[in-house]
Amino acid sequence: MDHSVLIRNGTIIDHCSEYKGDLLIRDGRIAAVGTALREEAAEVYDASGMLVLPGIVDPHVQFEVLYGKFPMTDDFDTGTMAAAAGGVTTIIDFADQARGVPAYTYLTQRRAVADGRVNVDYTLHMSLTDTTVPAVEDMAQVVDSGITSFKLYMAYSRRDRMVNEGQMLDIMTEAARLNAICGIHGENDNFVEYMTQKLVREEKTDLCYFTTARPALAEVIAVNTAIAIAEHCGCTLYVHHCSCAGTLSAIREGRRRGVRIYCETCPCYLNLNEEVYQREDGALYVVNPALRRRDDQEALWRGLQTGEVDTIGTDHCSYTKEQKFRHRGEFSAIPAGHPNVEISLPLMYTTGVATGRITMQRLMELMSYQPARIFGLAPRKGTLQVGGDGDVVIFDPSSRWTMSPDRLLTNADFTNYDGWQMEGAVKATFLRGMKLFEEGRFCGPRHAGAFVPAAPSAYMR
């Protein structure tokens with residue numbers, strides 16, 4: 001690629017620095033950062049009054065997935081267009097091993113779905129669900145192929161995705177040997193299934209009973225179990241979508257004992273709480289784990305401020321209103337998930353940076369640098385350092401706008417933040433120097449994203 005882009009006069013911010021200057025991208029990589037840079041025949045972008053940020057790395061998205069009878073509305077094409085509109089230049093999706101299919105075989109199948117159809121760069125977590133076929137045995141080949149993280153579901157037995165504690169022991173033992181990471185969906189399946197069936201028998205199926213079936217306690221039990229197994233195996237643990245103070249406390253105690261644990265939370269747990277389930281449109285807010293109490297929200301914000309939380313992932317799951325409302329009188333039948341990949345950066349800027357809760361540097365640490373470093377994508381991704389990929393977001397902190405679904409590119413026809421007043425907006429997104437998004441529209445080459453191989457990364461926090 002013989003192309004250069006000069007971004008001038010912006011305020012350049014990543015996880016470790018902030019200064020006024022210019023940034024030069026040449027042949028897809030950052031070639032220089034400084035002041036008064038010059039480049040002949042360069043495409044010039046004037047970023048005066050704007051923030052120049054590293055591309056967001058979203059460590060938790062789900063595109064092109066069918067859960068039961070509910071297909072997600074965003075596939076790899078539309079989902080990654082929406083990602084680009086939100087300043088996300090790298091996504092980490094999942095290869096959820098199908099029952100009876102060897103893990104590495106399924107990984108190749110999932111990659112075949114994504115390759116050639118993504119508009120931003122991507123990698124995957126390998127979810128292991130069936131150890132009766134090669135799964136543990138395939139982990140070394142998965143790591144050699146450039147995927148260094150595995151996902152274990154401690155819930156969803158009805159979807160044939162759950163692994164038990166014995167399987168977790170085998171998987172975490174091998175992950176420790178490979179210096180790989182094991183992530184968990186932390187909800188205790190026995191607890192959730194028992195409570196769900198009990199409530200159904202009692203004809204308590206309205207949405208107001210949702211958090212009774214999936215309380216914070218079910219999450220805390222599961223996370224403590226995973227920490228104990230990881231401690232025994234010497235495995236690095238990644239707790240996906242931490243939703244409550246109790247989980248943070250369990251992680252804190254595990255770290256005190258020397259267990260290597262990373263913690264992710266999501267915008268929904270920081271900005272919404274269980275009170276929304278009392279609303280007429282409460283079905284739109286169903287997500288697993290469930291939304292928690294206000295004091296859990298505050299605990300998570302403190303975790304962001306103190307460094308206890310390592311990353312922010314969106315857990316993007318896109319459904320339609322019709323899908324969400326189809327079983328609104330049966331909480332256990334409502335598809336769980338929120339469409340967040342496109343709005344996470346302006347949302348977190350609005351509720352975190354603009355309110356003074358966290359700094360912009362800290363937000364870039366949570367949303368770009370740490371996800372890239374933890375999952376072995378650094379230094380190529382996650383910073384604005386010379387030699388890294390030219391993944392850049394131009395962000396206007398002075399923009400004021402109202403959130404609504406009609407201005408978003410996602411195929412979901414609703415947003416959980418409809419009517420919220422936003423501060424700050426993505427003006428342009430560059431992927432390896434290619435302008436993908438500008439002024440509200442996708443403008444880049446289609447399907448220019450690529451798989452990014454990762455390498456095992458040492459635990460550091």
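Me: At what angle do helix α4 (residues 165-178) and helix α7 (residues 216-233) pack, and how far apart are their axes?

Reply: Helices are DSSP runs of H or I with at least four residues, numbered from the N terminus. Axes are lines fitted to C-alpha atoms over the stretch in contact, and angles run from 0 to 180 degrees between N-to-C directions. Here, α4 and α7 pack at about 45°, with axes 9 Å apart. That makes α4 oblique to α7; angles under 35 degrees count as roughly parallel, over 145 as roughly antiparallel, 65 to 115 as roughly perpendicular, and the rest as oblique. The model is predicted, so local features need pLDDT of at least 70 and side-chain atom pairs 80 or more, while totals for chains, interfaces and linings use all residues. Residues are numbered from 1 along each chain as its sequence is written, and side-chain values use heavy atoms, without hydrogens or water.

Me: Which residues make the contact between α4 and α7?

Reply: Contact means heavy atoms within 4.5 Å. Among the residues involved are M168, L169 and M172 of α4 and A226, I229 and A230 of α7.

Me: How is α7 oriented to helix α8 (residues 245-256)?

Reply: Their angle is about 15°, and α7 and α8 are therefore roughly parallel to each other.

Me: Which residues of α2 are buried, and where do they lie around the axis?

Reply: Buried means under 20% relative accessible area (1.4 Å probe, protein chains only). In α2 these are A103, Y106, L107, R110 and A114. They cover an arc of only 105°, taken from the directions from the axis to the C-beta atoms, which puts them on the same side of α2.

Definitions and conventions:
Buried < 20%, exposed > 50% of the residue type's maximum accessible area, 1.4 Å probe, protein only. Helix = DSSP H or I, 4+ residues; strand = E, 2+ residues; numbered from the N terminus.
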